[in-house]
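Please keep the sequence and the structure in view while reading.

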Amino acid sequence: ATLRYAVPDRQEVTIRLYDVLGRRVRTVVKGEKEGRQKMRMDFSRLASGVYFLRLKSKGEMKTQKLTIVK
């Protein structure tokens, strides 16, 4: 999968992956980022199901649903 996101100025960004029960599965991104970002992600070790990617930056939080089907 390809993860794309953008932040307007240099700031601390954290993106974490959670399972449907709200348990953190992994931290995908943690650090200072700026502008448009793109990264390849390997979810091959995860079981099929529903997950949530949560981006936190400057006090704002965005959540995106992710469905993995094998």
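This is a predicted model: local features need pLDDT of at least 70, side-chain atom pairs count only at pLDDT 80 or more; totals for chains, interfaces and linings use all residues.

Residues are numbered from 1 along each chain as its sequence is written, and side-chain values use heavy atoms, with hydrogens and water left out.

Student: What volume does the largest pocket have?
Tutor: A pocket is an open set of points, on a 1 Å grid over the protein atoms alone, where a 1.4 Å probe fits, with protein on both sides within 12 Å along at least five of seven lines. A volume is the space filled by probe spheres set on the points, and grid points are joined across faces, edges and corners. For the largest pocket, this volume is about 220 Å³.

Student: Which element gives the largest share of the lining of the largest pocket?
Tutor: Lining residues have an atom within 4 Å of a point, and strands are DSSP runs (E, at least two residues) numbered from the N terminus. Strand E1 (2-19), strand E3 (49-57) and strand E4 (60-68) each supply at least two lining residues. The largest share, five residues, comes from E1.

Student: How many charged residues are in the lining of the second largest pocket?
Tutor: This pocket holds about 160 Å³ of space, and its lining includes Lys58, Glu60 and Lys62. Asp, Glu, Lys and Arg count as charged, Ala, Val, Leu, Ile, Met, Phe, Trp, Tyr, Cys and Pro as nonpolar, and the others, Gly among them, as polar. By class, the lining of the second largest pocket has five nonpolar residues, two polar and, as asked, three charged.

Conventions: Helices (H or I, at least four residues) and strands (E, at least two) are DSSP runs, numbered from the N terminus.
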